[in-house]
Amino acid sequence: MILENSFFVDSERLSQAALEKKHRLETDPSSRTDHMAYMPGMEQIRSDVMEKVMSQMKTYDYDSYTARDVRAALDHETCSLEDFKALLSPAAEPFLEEMAQRARTETGRHFGNTVYIFTPLYIANYCENYCIYCGFNCYNQISRMKLDSEQIEHEMKVIADSGMEEILILTGESRGMSSVEYIGEACRLARKYFRMVGLEVYPVNTDEYRYLHECGADYVTVFQETYDPDKYETLHLMGHKRVWPYRFEAQERALMGGMRGVGFSALLGLADFRRDALASALHVYYLQRKYPHAEMSLSCPRLRPIINNEKINPLDVGEKQLCQVLCAYRIFMPFVGITVSSRENANFRNGIVKICATKISAGVSTGVGDHESKYSGKESDDGQGDEQFEISDGRSLGKMYDDMSDEGLQPVLNDYLYV
């Protein structure tokens, strides 16, 4: 599905027909497609993971847990599912310091003092979805850009010259403007410069994930955004992303396609963050048992301001609540990687990597074609595409590396050996 060209013109006004459709989508639920129905071409897999996750999420009454439940959870050597639910509950907030100490012990036991560093590279910001909270959404009049192969390679060389060895390739969600073949070519180019290549693109079918893996991708990250299907419906009004179950099953299709690892996340602040945090972790928990060979990771991004909508802020998710979620993740799943993005400020990230986070981004740009200008101050001759959202921590790789070292941590750029 490709939208009319007026959606992809940088600064022109939307057509009257487009404005009318946008208004209908926002005000008339009957004008939207069924968010639980697969669209033509979407692969359906047989899996019981979704049912297990949703069953636990729907019955989770976090207000029913008491301080006694939290105390018992922290006293147990192994954290059960019920213990995890208690640690996510409001009753656990007074125990945050003790949770942090337990999380730090678990992190040290399984990861030592290492912290992995990577950077994202946006190669296109065209999108065919209407997600009301995202700066890339098809109705948001921003500067759109798609890098060609030469531009992608130039951006990658700039990043690699900084010393970075792991890259995360991102696009807007548009098959029309960012085809699977286009993404695959970016993966091939990335293999020339980086030892680890991740993808954060629109969900695809198993055979397409297999193709991307053959092109050089190691892992796939997908944000479910919110695991609450009813809330999801009100936030994703149009496009392939509107189909909630197809997005939910993306990580499993990626593993079926041969990807070595998968990442999971809800965007905290869109819905009830405690239930979303529970569902995110259980998504990992059940898939890990089904695919024990796979590497799995979690992240907890919060809402950030976007271009043309400066009023978007995290809903009831402060830094203490975020820290609680991250510590609960570590206690419940000691082996899982935890990523904290540049959405959070430097002080928070400096602190959380000493407690439970194991991966952090540096040299970040959420725009298209602007790494050279951010790294060297030289403006690109090809123009730039607008950013998806505002970041809070803009430290370079060198600065991040030094800061982590000063904190007594061991920054790691890559620890894989390819034979």
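In what sense do β5 and strand β7 (residues 261-266) pair, and over how many bridges? Parallel, over 6 bridges. Here are some notes for anyone opening this predicted model for the first time.

1. Start with the overall picture. The protein chain has 16 helices and 11 strands. Of its 419 residues, 60% are buried. Looking at contacts with a separation of 6 or more, 75% of them link residues 24 or more positions apart.

2. Now for what pairs with β5. Strand β4 (residues 196-200) runs parallel to β5 and is joined to it by 2 bridges. Leu-199 has Val-220 of β5 as its bridge partner. Val-220 in turn has a bridge partner in β7, namely Val-262, and Tyr-219 is partnered with Gly-261 of β7.

3. How do you get from β4 to β5? With helix α8 (residues 206-215), the two strands make up a right-handed β-α-β unit.

4. Moving on to β7, you'll find that 6 of its 6 residues are buried. Gly-261, Gly-263 and Ser-265 sit on one side and Val-262, Phe-264 and Ala-266 on the other, with both faces covered.

5. β7 also pairs with strand β8 (residues 295-299); the two run parallel and are joined by 5 bridges. Gly-261, the partner of Tyr-219, has Glu-295 as its bridge partner in β8. There is another right-handed β-α-β unit here, made by β7, α12 and β8.

6. That brings us to helix α12 (residues 273-290), which packs against helix α2 (residues 49-58) at an angle of about 145°, with the axes 9 Å apart. Their crossing is right-handed. On the α2 side, the contact is made by Val-49, Lys-52, Val-53, Gln-56 and Met-57. The α12 side includes Arg-275, Leu-278, Leu-282, His-283 and Tyr-286. Sorted by class, the α2–α12 contact has 8 nonpolar, 2 polar and 4 charged residues.

Methods
Residues numbered from 1 in each chain as written. Predicted model: local features only at pLDDT ≥ 70, side-chain atom pairs only at ≥ 80, totals over all residues. Heavy atoms only, no water. Pairing = 2+ DSSP bridges. Helix = DSSP H or I, 4+ residues; strand = E, 2+ residues; numbered from the N terminus. Right-handed = clockwise from strand over helix to strand, strands pointing away. Axes fitted to C-alpha atoms, helices over the stretch in contact; angles between N-to-C directions. Left-handed = near helix turned anticlockwise from the far one by under 90°. Contact = heavy atoms within 4.5 Å. Nonpolar A, V, L, I, M, F, W, Y, C, P; charged D, E, K, R; others polar. Buried < 20%, exposed > 50% of the residue type's maximum accessible area, 1.4 Å probe, protein only.
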